[in-house]
Amino acid sequence: MQNRYSEIDFAKQILGWNLVPRTNGTFRGNDTSLSDFSEMWYGVFLWAAVSSVIFHLPAALISLTTLRQHKVARFTPIAILLMGILGPVCGGVLTSAAIAGVYKAAGKRMMSFEAFVFGVGQSFCVVLISFLRILATL
């Protein structure tokens, strides 16, 4: 019976702003700040991954509907979805670890909303650089 209550608490934690489950399983009431490196890293990474998929999913759906009759380009939505997943897995892991490392080195605690802002900010910067084509000018 105790295990069922922990599943309910876990679901509450995920559905609320407190998205990151605690590593040591302690309950801190309404305190949603992240103090451990792994909690901060996981929070920022999770928001970066979710927001990247949310940004790339409409692009994949649009390309699927417009290019479905094309002989070769009908496979473009697969590439778009793969970039939406592989981007955060490869680059998001490193940048999230860097952000969490700075917070940990400074001895600060990260609020859950800050993890949200940093995660979505990473994805927004990737989309912004992609649309502005800054890399093509280098």
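A polar contact is a pair of N or O atoms within 3.5 Å, in which, within protein, one atom must be able to donate a hydrogen and the other to accept it. In this predicted model, such a contact is found where the side chain of S51 reaches the backbone oxygen of W47 at 2.8 Å. The points below begin with the overall fold and the confidence of the prediction, and then turn to particular residues.

**Overall fold**
- The chain contains 4 helices and 0 strands, and reading along the sequence gives the pattern α-α-α-α.
- Of the 138 residues in the chain, 26% are buried.

**Confidence of the prediction**
- The pLDDT averages 82 over the chain, and 77% of the residues score at least 70.
- Confidence is lowest in helix α1, which covers residues 2-15 and has a mean of 55, whereas it is highest in helix α3, which covers residues 76-106 and reaches 92.

- Besides the contact with the backbone oxygen of W47 at 2.8 Å, the side chain of S51 is joined to the side chain of S123 by a polar contact of 2.7 Å.

**A nonpolar patch on the surface**
- The residues V50, I54, F55, F124, L128, I129, L132, I134, L135 and L138 form a nonpolar patch on the surface, and together they have about 990 Å² of accessible area.
- The elements that contribute two or more residues to this patch are α2, spanning 37-66, and α4, spanning 112-132.
- Helix α4 provides the largest share of the patch, with 4 residues.
- L138, one of the residues of the patch, is found in the segment after α4.
- Because its relative accessible area is 81%, L138 is classed as exposed, a class that requires a value over 50%.

**Cysteines and disulfides**
- A disulfide is counted where a pair of cysteine sulfur atoms lies within 2.5 Å, and by this rule the count comes to 0 disulfides.
- C90 has a relative accessible area of 52%, and therefore counts as exposed.
- C125, with a relative accessibility of 42%, counts as partly exposed, because that class covers the values between the limits for buried and exposed residues, which are under 20% and over 50%.

Methods
Residues are numbered from 1 along each chain as its sequence is written. This is a predicted model: local features need pLDDT of at least 70, side-chain atom pairs count only at pLDDT 80 or more; totals for chains, interfaces and linings use all residues. Side-chain values use heavy atoms; hydrogens and water are left out. Patches are made of residues with over 30% relative accessible area and no salt bridge: like charges are joined within 9 Å, nonpolar side chains (Val, Leu, Ile, Met, Phe, Trp, Tyr) within 5 Å. Accessible areas come from the Shrake-Rupley method with a 1.4 Å probe; for residues, only the protein chains shown count as cover. A salt bridge is a side-chain nitrogen of Lys or Arg within 4 Å of a carboxyl oxygen of Asp or Glu. Buried means under 20% relative accessible area, exposed over 50%, partly exposed in between (1.4 Å probe, protein chains only). pLDDT is the predictor's confidence in each residue, from 0 to 100.
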